[in-house]
Amino acid sequence: MSGTDHGNGLRADDEKVIGAFGSSLLEYAVYTLDPDGVVSSWNPGAERLTGAPADEVVGQNISIFYTSEQNATGYPRELLRRAVESGSCTDEGWRIRKDGSRFWASVVTTALWSSEGRLRGFARLTRDETDLHTQLERSLRQFHDLFVLTPIGIGVYDRYGYLVDSNLALCGLLGYSPEQMSGAHVTDFIHPDEPDKPNLLESFGAGAPPGRAPVREMKLLRSDGQQLICELHIAKSVRPEGDEFWMVVCQDVTERNRRVEEWRYWATHDELTGLPNRRALDQLLANADMSGSAMLYCDITDFRRINESLGLRAGDELLMELAKRMRGDLPEGWIVARLASDEYLVVCPDVVGAGGVETVVTLVTELLHRTVHLRDHPPIQIAASVGVAIAESSDSTIDELLRSAGAAVMEVKRGNRERFAVASTALIESMDRQVQLESELRTALENEELALCYQPIVDGDGVIRAAEALVRWWHPERGKLTPGFFLPVAERGGLLRKLDRCVLRSALREAVTWPPRADGGAVRASINLGALSPGDPELIDVLDEAVAETGIDWGRIVLELVETSLINLSARGLEVMSELTERGVRFAVDDFGTGYSSLARLKEFPIEIIKVDRGFVAEVARDSTDLHVVRAIVDLATAIGCRCTAEGVETPEQFEALRGVGVLSYQGWLFSYPVRAGELRSLLESGSSCLPEG
Ligand code: C2E
Ligand code: CA
Ligand code: CA
């Protein structure tokens, strides 16, 4: 560098200019030195900074302001040499004031040249930066303390991936001493299973490590060979000299990840059996081609009963044993999941390959039927209903298959099939129809779209003693629907109780408007209870409410029960029956003879009426056996204080035969079809007999 460029006029009379310039800058020490470093001018700023006046300093070598160590190494001279070499040089360091105290000086030294290119001396600008330096030092020290103390591993790498610096936490994390760590390569700490390892090796090798992806998870390798999962925060930085380096903050997340994994596992697995649950099934089969596979929906028969009789612990033990068998004994590649308490799902990936549906079902059911040995109970054997859905194409979704298999298992549970059922298109369609009807029925119930017909029940003279409420559904598109069609829909949809409540209320509301018989007696309303039974606490509430609302006399209410609701009746139910009987309510047993109950059992209940099923009535005029049966029923009924009503009386012959064996009341088309409410009222008002002419 040539000396003539320097100074911009300083060359002419530099000392004077510097002096004038320097006197106005009290913040700075501005002074000149001769080529040997002897002070030739000294401004007031220099006086202030060093505490030494110009007359003491001018003529002295500048080395008096340096520490003895600096002087011993020739440091003051070295600075001048550098300024000569480069034109100017900057420096920072401790200097000494006149009183011996130190200050941190920031120094710029510029070489001064004559026009002939001879070194004339140096101009210097020195500033006291003690405060700034102290501050910087303090924060550096703090930073260093933090670096050392922080429990999170930190490493500084050069652009080729060699470790330049690391803190104790990183050493501890990776299991090396600081000495072992120093100079190690970044890839030395990466686990061989880390898929990114080759890329990293390559990019660091080329001196171009990845500059992006500030947060990433990586498998690291400890000195003892153990694998760690670490979250790495990576930042690229540049040193003042222009070198790039990488700071890596490294946090061990092995345990955290393990816990997350565990949560995820239990969210998708059943805690009791460890089997995947419904949610996991979606994940397990997410990318599977389902075509040709079969889903078997297995429902343990009567599990609730087993649970109730053996206790919950034994129930759990049983479920675990079944899960263990299915997991262990089914062919490889099959999936077993638990859908609900006693419902398992088996997925067979290839039905044809496994020998066909029957073979597959047999395999699964035999597994379930094998005797189970429970700890504190005798060995038991269970049975299961199985619904099968076969994926015919790869379009079949898990949801569809599950729904179909579920529909098929319902078929078995309803007794429509034995052992197992395979979902067919017809079954799926009927299931869809069922769902549709169910929702329509729900709406109809809410909007009170169901109407009641009434069928008179007459005595031997044809006088109407009572009327049975028979429900009808006026469907907007399908027209009039009979209970035989929609009661099963209500039952499957859990709507039967609601329907019972509705009918009960409407029937009582209408019955209060019926005129009395010619002899002044009131006509009774006979109401069918399908789901509500006397054991239901709700029944008495609904009755209380309806009676309070309508003001109907309790004595006009007849409740028709089916035999099954008597068989399972609780002690409380019996109490309710007695209580209602005391209020005047009568109970009838409907469809008598179709169930299993014997008259002997019936006498335990406060029953007043036995309705002899249409099945016996139909042949009563032609088949003497049926006539004998009816006669026996009537005799026994009378013996236990009941009266009989014959149902479905269609012909005068039947009527005669029944009257002959002591039946006292009759119901059937011979007397009247079920009629609308208005028509029943007209019939009652006319007071005429329902007996056919002649
Ligand atoms: P159910 O209680 O035995 O009612 C008598 C059934 O026999 C009625 O059928 C009635 O229309 C029919 N029927 C009456 N006389 C004759 C006859 O001479 N010949 C023939 N072949 N049939 C006759 P419906 O109304 O279709 O009711 C069928 C069943 O639905 C009833 O049998 C009853 O179990 C149930 N049901 C009807 N209405 C209700 C209701 O409001 N609630 C409940 N829970 N069940 C009801
Ligand atoms: Ca009935
Ligand atoms: Ca009946």
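**Aromatic pairs and overall layout of a predicted model**

Good morning. A search of the whole structure finds twelve aromatic pairs. One of them is formed by Tyr176 and Phe189, whose rings lie 5.6 Å centre to centre, with 55 degrees between the planes, a tilted arrangement. This pair links distant parts of the chain, 13 residues apart. Tyr176 belongs to the loop between helix H7 (168–174) and helix H8 (178–181), whereas Phe189 belongs to the loop between H8 and helix H9 (197–205).

Phe189, at 4% relative accessibility, counts as buried.

A second pair is made by Tyr666 and Phe671. Their ring centres are 6.1 Å apart and their planes stand at 45 degrees, so this pair, too, is tilted.

Which rings have the charged end of an arginine over them? One is the ring of Phe245, where the charged end of Arg239 sits 4.4 Å from the ring centre. Another is the ring of Trp554, over which the charged end of Arg583 sits, 4.7 Å from the centre.

Let me now turn to the chain as a whole. The chain contains 26 helices and 25 strands. Its radius of gyration is 51 Å, while a compact globule of 694 residues would have a value near 26 Å. The C-alpha trace spans about 160 × 60 × 50 Å along its principal axes.

The domain assignment divides the chain into domain 1 (12–133), domain 2 (150–257), domain 3 (273–423) and domain 4 (445–686). How far apart do the C-alpha centres of domain 3 and domain 4 lie? The separation of those two centres is 43 Å.

As for burial, 45% of the 694 residues in the chain are buried. The chain exposes about 35,300 Å², and carbon and sulfur atoms supply 51% of that area. Of the contacts in the chain with a separation of 6 or more, 57% are between residues 24 or more positions apart.

I close with two points of backbone geometry. Most residues other than glycine have a negative phi. Asp302 is not a glycine, yet its phi is positive, at about 60 degrees. Asp302 is found in the loop between strand E11 (294–300) and helix H12 (303–310). With a relative accessible area of 43%, Asp302 is partly exposed.

Arg419 likewise has a positive phi, near 65 degrees, and is a residue other than glycine. Where is Arg419 placed? Arg419 lies in the loop between helix H15 (398–413) and strand E15 (420–422). Its relative accessibility is 33%, so Arg419 counts as partly exposed.

Thank you for your attention.

Notes
Residues numbered from 1 in each chain as written. Chains lettered and ligands numbered in written order. Predicted model: local features only at pLDDT ≥ 70, side-chain atom pairs only at ≥ 80, totals over all residues. Heavy atoms only, no water. Phe/Tyr/Trp six-rings, centres within 6.5 Å; stacked < 30°, edge-to-face > 60°. Helix = DSSP H or I, 4+ residues; strand = E, 2+ residues; numbered from the N terminus. Buried < 20%, exposed > 50% of the residue type's maximum accessible area, 1.4 Å probe, protein only. Lys NZ or Arg CZ within 6 Å of the ring centre and 35° of its normal. Rg over C-alpha atoms; globule rule 2.2 N^0.38 Å. Contact = heavy atoms within 4.5 Å. Areas by Shrake-Rupley, 256 points an atom, 1.4 Å probe, with all protein chains shown as cover. Domains from an automatic or database assignment.
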